[in-house]
Amino acid sequence: MGSWFAALLWGTVAGSALVVGSGIAWKWRINPKVVSSIMAFGSGVLISALAFELVDEAVQGGGLQPTIGGFLAGAVAYVGANLLLARAGARHRKRSGSRQPSEADQPGSGSALAIGALLDGIPESVVLGLGLVTASAVSPAMLAAVFISNVPEGLSSTAGMKSSGRSAKYVFGVWGGIAAICGIASMVGFLTLQDAPVELIAFITAIAAGAILAMLADTMIPEAFEESHMFTGLIAALGFLAAFSLHELG
């Protein structure tokens, strides 16, 4: 199997978790507390992955300065894009309740939701392709972290889309398309950075980490605490430990 094809394959596999979560939410009505708990677990998983699989490895590979620069650039770029999408109706794209607007409520919100979901998925996918550049293999811990976190993302967002009256064609078209684009993003990340200097790879890895952390704070964590209960923090901590254990065992 060529490395470019491996990047395409694993990026698509990670993105397909969005479709899995979407299918679950479309077929069954999941208790809001369960949705929030799953999102809390996924948030903990991604926090661990970006700390140990991305930021730490970026510092070790390319140094502190490019890591800091990339991390800030990723966070600023994500927040700026998210602000524009929020004005177009995609602010609550990961909410499972009735916060998402319908197309009748806000024309153009359907496109904004789709673009927002794509914005959330691209940084994670690029990182998978980068793993093949730096280590000649996709990190099992990072792959598992992205897959585990994508299931609740698809689940929560689809519950909100269904509640706002989106059609099955729209919902599964969005998530299926994003899964495919995630694979392509992973492949492009690999192909364009094969011979890049370590400082540039560290910078781009840190961009993804900063974007992921901003995404967590803006979209996933609010949904995790939507149906607040006493175990939300504990569930997030368990997600963190699960991803950290995978990192240590990998």
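Helices here are DSSP runs of H or I with at least four residues, and strands are E runs of at least two, numbered from the N terminus. The model is a predicted one, with pLDDT of at least 70 needed for local features and 80 or more for side-chain atom pairs, while totals for chains, interfaces and linings use all residues. Residue numbers start from 1 along each chain as its sequence is written, and side-chain values use heavy atoms, leaving out hydrogens and water.

The protein chain has 8 helices and 0 strands. Buried residues (under 20% relative accessible area with a 1.4 Å probe, protein chains only) account for 47% of its 250 residues.

Helix α5 takes up residues 140-163. Its 24 residues reach 35 Å from first C-alpha to last, close to the expected 34 Å, which is 1.5 Å times one less than the number of residues. Of these 24 residues, 17 are buried, so α5 is largely enclosed by the rest of the structure. Just after α5 sits Gly-165, with a positive phi of about 95°.

One partner of α5 is helix α2, residues 32-62. Their axes (lines fitted to C-alpha atoms over the stretch in contact, with angles from 0 to 180 degrees between N-to-C directions) come within 8 Å and cross at roughly 150°. That makes the two helices roughly antiparallel, a label for angles over 145 degrees. Residues in contact (heavy atoms within 4.5 Å) include Val-35, Ile-38, Phe-41 and Leu-46 of α2, and on the α5 side they include Met-142, Ile-148, Pro-152 and Leu-155.

How values were computed
Buried < 20%, exposed > 50% of the residue type's maximum accessible area, 1.4 Å probe, protein only. Parallel < 35°, antiparallel > 145°, perpendicular 65-115°, else oblique.
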